[in-house]
Amino acid sequence: MSTSTRAAEDPDEPSETSSWTVISPSSTVRITRAVDVFSAGCVAFNILSLGGHPFGDRFSRESNILRNNYRLDRLDTLSGGGTEAKDLQLERGAVKVIGLDWRKKIDGILLENISKYRKYDGSLIRDLLRALRNKRHHFQDLPAEGRRVLGDVPDGFLAYFSTRFPGLLLHVHGFVADSRVLRGEPAFRGYLEQTCEH
């Protein structure tokens with residue numbers, strides 16, 4: 001209540017209320033479930049980050065919301081809830097990266113093999129990455145036909161998955177680069193430093 005009063009008194013000061021709801025360029029926002037989810041996400045981030053906002057300080061929030069410019073790196077140091085929030089960021093735009101079900105893009109012999117050992121959700125990038133890691137680490141355990149389909153490691157393996165999911169590598173690269181914790185990991189550091197130099 002006091003926030004809206006303060007905003008009314010000083011029209012040049014950004015409204016605190018507007019940074020917790022969806023901002024529409026047309027200034028008329030229909031109240032929908034999406035608006036509620038956006039607001040709930042901002043509040044959850046605020047609680048998990050001990051006072052932060054995913055779209056920055058109060059002076060830049062509105063423009064950041066309009067540009068969809070957010071930062072979740074304050075969640076990197078959290079356990080439990082922070083990991084779940086970061087998983088949501090990895091899955092953002094999943095349909096564009098992997099389609100509705102990545103399992104439908106994998107040859108039957110491989111899908112049968114990976115499904116023997118664990119259940120994978122075809123709508124999740126995380127599960128595709130797990131399947132990739134597992135098949136790479138257990139490549140020699142694949143039946144001969146599965147190895148033939150994938151091709152030699154690393155070139156054939158990379159070609160197999162990058163032709164089926166051409167946006168996956170850049171999507172994961174962006175996710176890692178945006179994470180303060182992940183980009184400091186030795187396994188990723190070399191790739192990210194090379195990117196910054198070019």
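Start with helix α2: eight residues of the second largest pocket's lining come from it, the largest share. Keep in mind that this is a predicted model. Both α2 (33–48) and α4 (81–90) give two or more residues to that lining. The pocket itself has a volume of about 510 Å³. Among its 18 lining residues, Gly41, Cys42, Pro54, Leu72 and Leu88 sit closest to the centre.

| Class of lining residue | Number of residues |
|---|---|
| Nonpolar | 14 residues |
| Polar | three residues |

Now for the largest nonpolar core. It has 26 residues, and Ile98, Trp102, Leu150, Phe161, Phe165 and Leu168 are the ones that touch the most other members. At least two core residues come from each of α5 (94–98), α6 (108–117), α7 (125–137), α8 (144–150), α9 (155–164) and α10 (168–177). As a general point, nonpolar side chains tend to be buried together in soluble globular proteins.

Take a closer look at Trp102.

What about α10? Its buried residues include Leu168, His171, Val172, Phe175 and Val176. These five lie on the same side of α10 because they cover an arc of only 130° around the axis. Which residues are exposed on the face turned away from the buried side of α10? They are Leu169 and Leu170.

Key:
Residues are numbered from 1 along each chain as its sequence is written. This is a predicted model: local features need pLDDT of at least 70, side-chain atom pairs count only at pLDDT 80 or more; totals for chains, interfaces and linings use all residues. Side-chain values use heavy atoms; hydrogens and water are left out. A nonpolar core is a set of buried Ala, Val, Leu, Ile, Met, Phe, Trp, Tyr and Cys residues joined through side-chain atoms within 4.5 Å. Buried means under 20% relative accessible area, exposed over 50%, partly exposed in between (1.4 Å probe, protein chains only). Helices (H or I, at least four residues) and strands (E, at least two) are DSSP runs, numbered from the N terminus. The arc is that of the directions from the helix axis to the C-beta atoms. On a 1 Å grid over the protein atoms alone, a cavity is a set of points where a 1.4 Å probe fits but cannot get out, and a pocket is an open set with protein on both sides within 12 Å along at least five of seven lines; lining residues have an atom within 4 Å of a point. Grid points are joined across faces, edges and corners, and a volume is the space filled by probe spheres set on the points. Ala, Val, Leu, Ile, Met, Phe, Trp, Tyr, Cys and Pro count as nonpolar, Asp, Glu, Lys and Arg as charged, and the others, Gly among them, as polar.
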